[in-house]
Amino acid sequence: MSTSCSRLSRRRFLKTTTTAAVTFPTLCAFGQELRVKIDRIEVFPVRYPTHGFFKFFSGPRGEPGLGVVIVKITASDGTIGWGQSVPTPKWAYESLETATVAIRRYFGPAMIGHDPTDIAGANQIMDRTIKPAFSTGMPITRAAIELGLHDLTGKLMGVSLSQLWNRPRGGPISLSWTINARTLDDVESLVEQGRQRGYRHFNIKVAPDPKFDVALAKKVRALAPNAFLWADANGGYDPQTALEAAPKLADVGVDVLEAPIRPNRISGYQALRRQGALPILMDEGVVSPVELVEFIRLKMIDGVAMKPARCGGLMSNKRQIEIIQDAGLMWLGSGLTDPDISLAASLALYGAYGLDKPAALNGPQFLAADVLAKPLQIEDAVAQIPTGPGLGVDVDQDKVLALMNAGKSKADD
Ligand SMILES: [Mg+2]
């Protein structure tokens, strides 16, 4: 092994981590891997089976389950990274079908030959491949590539995500139980279902009817007096209704109000923040760090519900957490009902940045399948941060193929 190899690899490596856990042989091994390129990207559109009602599930023809695109990135030395995107058209404009095509025809081919450890460069390529509209183009879709590159990079370097970022591993992360009640009579049993699985904190889906929402929140608060109670409207109120609802939700014990109105209602967000009835967080609409900085300057928000799956992956979301922390604002950990692979990435990020509130990561609540050789460690609503290189999960390709075949996805049509 040449001296130049070790110097090069060490310099390169120390840009991202100074952890003592990584040994010199690892550095040299990584130095040799610098010539590794992205060789192949395979795309697996699947539907994860679900249980329970959640308004974002089911496909365009009523197909059950959560549409997910799983991506396998193979490097020229045979190392594999896995990623996942969660395109939910009832939440935003990306679907299982469009995500599959965009990765197969656009993002995937653009990555071939690229250095997999240059994730910033990969993001720039993706910026050019599908240009932005207001913000990053097809952010949910491209998160699969970005997460897969983090997994691949970690495996090539022999480091976990927290080591890659030179952060503590952190965790464990408490999880919040999602209440999506269709009637008030459902509430008690929904809360009880969560309780029985060890959950102590609850997030409720609200809007468009504030009368129902206040009654819902009051009922959940009565059943869970010590819970962190987080209301998410998914942009479902108009500004006037949100201004009327926020103080009433505060009165019955809601702790934070997420996405009360659509993200393009800028003056509405400013009015809600001025009103000060509840901390106002955004979710939908914050995709890149650029608009986050703008929204903070415009005094629209008290914080953000983070989710790498929404933001094109980890680099963007990691930067957003840093921006929020620097601004002294609030951040919560959330997700798009992320299944195993994406969930592992979210847990690693939230652990590394010391999330101290229950996370609305409800994949374990709603999803009835996984593609891992060994499941994530989640017990009594507490998730451990995965250990091991990359995302810290071992994907079982047979399970991926079985899920794809079971779903008989028409995404290739
Ligand atoms: Mg939300």
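**Strands S8 and S9 of the predicted model, joined side by side.** Strand S8 (residues 256-258) and strand S9 (residues 280-282) run parallel and are joined by 2 bridges, where strands are DSSP runs of E with at least two residues, helices are runs of H or I with at least four, and both are numbered from the N terminus. Two strands are said to pair if DSSP finds at least two bridges between them. Within this pairing, Leu257 stands opposite Ile280 in S9. Residues are numbered from 1 along each chain as its sequence is written. Because this is a predicted model, local features need pLDDT of at least 70 and side-chain atom pairs count only at pLDDT 80 or more, whereas totals for chains, interfaces and linings use all residues.

In the order S5-S6-S7-S8-S9-S10-S11, 7 strands form an open sheet with parallel pairing. Strand S5 (177-179) and strand S11 (330-333) each have a single partner strand, so one side of each is left without a neighbour in the sheet. From one strand to the next, the twist averages 30°, with angles running from 0 to 180 degrees between the N-to-C directions of axes, which are lines fitted to C-alpha atoms, for helices over the stretch in contact.

**Helix H12 packed on the sheet.** Helix H12 (residues 314-326) packs on the sheet and touches both strand S10 (303-306) and S11, a contact being two residues whose C-beta atoms, placed from the backbone, lie within 7 Å. The direction of helix H12 makes about 155° with that of S10.
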